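Colleague: I would like to learn how to read contacts between parts of a protein. Can you take me through a case?

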Amino acid sequence: MVVLELVPIVLAAIFPLAALVIGSTLPMGETIISQYPSFIIFFLAAWWLLLWSIFFIIWTNYYLDILVVTNKRIIDIEQLGLFARDIAEVRMENIEDVKTEVVGIVASLLDMGNVHIQTAGEARELVVKRIANPHKVREIISKCHDESLSMRR
Amino acid sequence: MTAEELNKVLTAIALVSFILFGVFFSVVSAVLNYHWKKYGIEGERIKKVKRLYFGFALLMGIVMILALIVILT
């Protein structure tokens with residue numbers, strides 16, 4: 001899903017180049033380009049630097065979303081922007097049910113979806129949103145859950 | 001507006017935006033670097049990302065400075 005969030009950034013990066021190409025075909029555009037080439041290069045570099053920073057802010061936001069599954073607990077770390085971080089923890093013995101949800105054509109094609117972990121605890125449900133390979137994640141959680149139960153017996 | 005006046009306005013805009021971009025980029029880079037250092041779990045991957053991020057930024061910075069020098073002279 002992060003790919004979809006990055007599409008506008010790529011389009012915004014291409015846009016000034018397309019505008020320059022189209023502008024150069026017009027008589028007035030050609031005059032402006034030939035009169036102010038340094039300004040155009042300066043603002044183009046500045047624009048790309050700005051987009052580059054935004055691109056990495058979005059990527060970092062995605063990259064720092066981490067799901068840790070062990071045979072004792074599940075820890076879901078969600079980066080909610082640059083200055084907000086949400087950490088949820090569920091103990092394996094509290095898990096009652098795990099289900100996956102893949103909705104839409106894009107999500108199906110990219111194999112992305114949500115994993116719902118229902119618990120007996122106070123929070124009742126932990127939702128890991130927009131995760132890659134949700135079915136595989138569910139299988140791993142179920143396997144770890146079984147291991148946890150067999151260890152307790 | 002004459003061509004000379006327009007040139008002066010554009011030069012002023014370029015100078016101000018260079019300073020603003022410098023401040024913005026420094027702050028964003030410091031915050032991103034802090035996050036990568038503190039929360040990143042794959043050391044090698046983070047190193048590559050840092051190289052990519054700062055490499056392209058340096059290139060764009062050099063282009064901006066050179067263009068600004070040409071504008072001011």
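Modeller: The size of an interface is often given as the accessible area lost when the parts come together. Here, domain 1 and domain 2 of chain A bury about 490 Å² between them, with carbon and sulfur atoms giving 60%. Buried area is the accessible area (1.4 Å probe) that two parts lose on being put together, summed over both. This is a predicted model: local features need pLDDT of at least 70, side-chain atom pairs count only at pLDDT 80 or more, and totals for chains, interfaces and linings use all residues. Residues are numbered from 1 along each chain as its sequence is written, chains are lettered from A in the order in which they are written, and side-chain values use heavy atoms, with hydrogens and water left out.

Colleague: Where are the two domains of chain A?

Modeller: Domain 1 covers 2–63 and domain 2 covers 66–152. Such bounds come from an automatic or database domain assignment. Their C-alpha centres lie 39 Å apart.

Colleague: How many residues of each domain are in contact?

Modeller: Contact means heavy atoms within 4.5 Å. Five residues of domain 1 of chain A meet seven of domain 2 of chain A.

Colleague: What is the buried area between chain A and chain B?

Modeller: About 2,800 Å², of which carbon and sulfur atoms give 82%. Chain A brings 24 residues to the contact, and chain B brings 35.

Colleague: How many salt bridges cross the interface of chain A and chain B?

Modeller: A salt bridge needs a side-chain nitrogen of Lys or Arg within 4 Å of a carboxyl oxygen of Asp or Glu. Between chain A and chain B there are zero.
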